[in-house]
Amino acid sequence: MSRTRTRWIAAPLAAAALTLTYAGYQAGAAEPSAQGADPSGRAAGAAAPCLADATTLVGDLDGDARPDKITDPEHTGTGMTVQWGGTNGSFGEKIPVRNLLGAEKGEIAAAAVADFDNDGTLDMVVNIVEPSGGDDPSTARLAEYRPGPLDRTNLRSSDARHSDIGEHGEVQQLSVARYNDDQYPDLAVLNNSGDGQMDRDVRLSRPGGGLGDYDYEAKKKYGEFGTWAEPPAMPGDGWKQFYKPCS
Ligand SMILES: [Ca+2]
Ligand SMILES: [Ca+2]
């Protein structure tokens, strides 16, 4: 409850900053303004996410109505950083997502950020796994779908749900994708499924938002089977499919 109250109190203060920051974007956006009450159910005060450049998404991740900056240099989800939004449209220092998630040395930490349920606050899928080093893959230590807002200190969500992405092998990379043709982002998963096999798995959005579970038919249709020597390509244009340039 306190989270909701905080957001409502913060909204009027941040509204002015958002208006300035997003004036150009809002003016040209086809989407209705996300400020104030909105039939789409977007959080009050949260501007729609937008792309500062091909590898930098700007949107509210922690629910304080100030846009944050998420950078995913290789579109792999492994080198992702977050810069929390401050006053007057400023951003803090780049913090590696793997540090915020508490990944240990030797663990692979991958994350994908998008507004998977299209409510105006960014969400995250996370996976942490320690590779087995052998033919049989380990399962994830942590695999969750985390609807925003996320906690600034550890990226936790009060609505987090277990994800099955970590149960079919060792997740190497995560990336946003557009597979089924709806308004909700999908997920591409580069997965070491063992015995030399490296596949691109997929998790498709469900009607109304959020990600579905493993689906072999979807994998055959949108995924790809590969090997450790020749892994499948991962999508690099997922954000671009769903978010417009900020200016
Ligand atoms: Ca924020
Ligand atoms: Ca969301």
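A hairpin of two residues links strand β1 to strand β2. These strands, residues 50-53 and 56-59, pair in the antiparallel sense over three bridges. Strands here are DSSP runs of E with at least two residues, numbered from the N terminus, and two strands pair if DSSP finds at least two bridges between them. The model is predicted: local features need pLDDT of at least 70, side-chain atom pairs count only at pLDDT 80 or more, and totals for chains, interfaces and linings use all residues. Residues are numbered from 1 along each chain as its sequence is written, while chains are lettered from A and ligands numbered from 1 in the order in which they are written.

**The sheet**
- Five strands make up an open, antiparallel sheet ordered β1-β2-β3-β4-β5.
- The edges are β1 and β5 (95-96), each of which pairs on one side only.

**Pairing within the sheet**
- Leu 51 has Leu 57 in β2 as its bridge partner.
- Four bridges join β2 to strand β3 (residues 68-71) in the antiparallel sense, with Val 58 opposite Lys 69 in β3.
- Strand β4 (residues 81-83) pairs with β5 over two bridges, also antiparallel, and Thr 81 stands opposite Pro 96 in β5.

**Gln 172**
- Gln 172 belongs to strand β10 (residues 170-177).
- Gln 172 counts as buried because it has 20 C-beta neighbours inside 10 Å; the cut-off for buried is 20 or more other C-beta atoms within 10 Å, with C-beta atoms placed from the backbone.
- Beyond its neighbours within four places in sequence, Gln 172 is in contact (C-beta atoms within 7 Å) with Ile 108, Leu 190, Asn 191 and Asn 192.
- Thr 78 lies 94 residues from Gln 172 in sequence, with 8.0 Å between their C-alpha atoms.

How values were computed:
Buried ≥ 20, exposed ≤ 12 C-beta atoms within 10 Å, placed from the backbone. Contact = placed C-beta atoms within 7 Å.
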